[in-house]
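Dear colleague,

I am passing on to you the structure below, together with a summary of what was found in it. Please read the notes alongside the coordinates.

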Amino acid sequence: GHCCKNSVGKPSGLKHIPSSGEGMASRRKQKTKGQCLGDRRCPLLNFRPPLVACHILISLCSTFLILTKSDLASAQNVAWLPTNGPGAGAILCLAMNMQGDLFAGTASDGVFRSTDSGMTWLRASNGLPTTEFFSLTTTMSGYIFVGTWERGLYRSSNNGEQWSPVNIGLLNPTVRSLAVNPTNGAVFAGTMGDGLYRSTDNGDHWVRVLRYDPYPYTQVQSVLVTARGYVFAGTVEGGLFRSTNNGQSWTRLQQRASVCVAANQSGVVYAGGSGLYRSTNDGTSWTRIDSAFVSSAIMAVAAGPDNYIAAGCFQGGVYCSTDGGVQWSHGTNGMTNTSMLSLQLSGRTLFAGTWGGLFRASDSCLTWTQTGLPNARVYSLLADGSGSLLVGTGRYGIYRSINDSTSWAWRSLLNRDI
């Protein structure tokens, strides 16, 4: 990570950028799978991780920050119980539809579905290619979308029984992030190098609505749509952008790399990446709130009620605040790995997924307890609303909490680290 400047202020230079439409300008050639963005280092990081980790590290921030309805604070002396499960490798993304069915995208073995809160999983990959599956989202009308590495977007209209490619107008085949506008059903797809695309007909057609023109290679790491329908797109090259009209036009809010975007129930928006920022007016103005951090490389953000905010740093642990970032608490006692990959907030109990296991804190981030998960990378976390927490790892497959997180069930996957 990098030491941040001891300054607090509002990013300047608001600039209005019109939609770029359907036209395709020159874009950087896709790199081979043996490289991490060619000769470039992964954004914000000062090392070269494996390819899949490079792709995932800075795209999980907004996708899995889901507030559970129940409190997992009673998790003590966590145990893990082996059970049967799908034979897949790393779990890269998790999603849940309106009916509570769960979906898991893997790095090597397709997509799986569970209709019993994660107790059992069945392969749901008919029509899908063999590739990595980076992003998943479901719509209120029952569609499921999955984004892939170099194979574009696929859609299912029958709960994952069959998938079909839906790439008309999509000019970049690697889809890093997905989001749905709850006010009108529009689907947004952030690509690896060609900006942000939108579909208003459930994926039949796509139009590119955002690309930072000075940099034709625009990585959209995260997409957030608020309850009001405002769309936020976090990029490495161009910073943070906002649209108040469903993607028709955009305003550049920040110039610094922005890869994590989250909002609480009151509409306060937080953006992390190269620093951590807060906006209380739908993104019109921002205040930097990470002056106390030892690292300004923010990898994950979780926003809760009552101005509770947690931020996970690369090689810096987790910082927590109960007043929206005015004052912070920070501790690593009990945390054997401080490189963050994912965060899941449940009430005031926080789960932190790292490069070396899952940890839990319920005392303002001062003391941490390892949950009993093996020393595995935790790429994805999801609360299903029934008191269960699902954990997607990079080697040991899916873990699921049962009995209000006092014990756990393991879905065995291929023991292949990435």
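The protein exposes about 14900 Å², of which carbon and sulfur atoms supply 47%. Please bear in mind that this is a predicted model. Buried residues account for 61% of the 418 residues. The protein has 1 helix and 34 strands. Among its contacts with a separation of 6 or more, 51% are between residues 24 or more positions apart.

Strand E12 (residues 187-191) runs antiparallel to E11, and 5 bridges join the two. Within this pair, Val175 stands opposite Thr191 in E12.

The side chains of Asp194 and Arg208 meet in one of them, at 3.2 Å from N to O. Asp194 lies in the loop between E12 and strand E13 (196-199), whereas Arg208 belongs to strand E14; the two are 14 residues apart, and the pair links distant parts of the chain. Asp194 counts as buried because its relative accessibility is 0%, and Arg208 counts as buried because its relative accessibility is 3%. Asp194 and Arg208 also belong, with Arg211, to a network of salt bridges.

A further salt bridge joins Asp109 to Arg123, with the closest N and O atoms 2.9 Å apart. This pair too links distant parts of the chain: Asp109 is in the loop between strand E4 (102-106) and strand E5 (111-114), and Arg123 is in strand E6 (residues 122-123), 14 residues apart.

Finally, the nonpolar cores. The largest comprises 17 residues, and those touching the most other members are Tyr270, Leu276, Phe293, Ile298, Val301, Ile309 and Trp328. Strand E19 (258-263), strand E23 (298-303) and strand E24 (309-313) are the elements that each give two or more residues to this core. Another core, of 16 residues, lies apart from it and includes Val318, Met335, Leu343 and Leu350.

With kind regards

Terms used:
Residues are numbered from 1 along each chain as its sequence is written. This is a predicted model: local features need pLDDT of at least 70, side-chain atom pairs count only at pLDDT 80 or more; totals for chains, interfaces and linings use all residues. Side-chain values use heavy atoms; hydrogens and water are left out. Two strands pair if DSSP finds at least two bridges between them. Helices (H or I, at least four residues) and strands (E, at least two) are DSSP runs, numbered from the N terminus. Buried means under 20% relative accessible area, exposed over 50%, partly exposed in between (1.4 Å probe, protein chains only). Contact means heavy atoms within 4.5 Å. Accessible areas come from the Shrake-Rupley method with a 1.4 Å probe; for residues, only the protein chains shown count as cover. A nonpolar core is a set of buried Ala, Val, Leu, Ile, Met, Phe, Trp, Tyr and Cys residues joined through side-chain atoms within 4.5 Å. A salt bridge is a side-chain nitrogen of Lys or Arg within 4 Å of a carboxyl oxygen of Asp or Glu.
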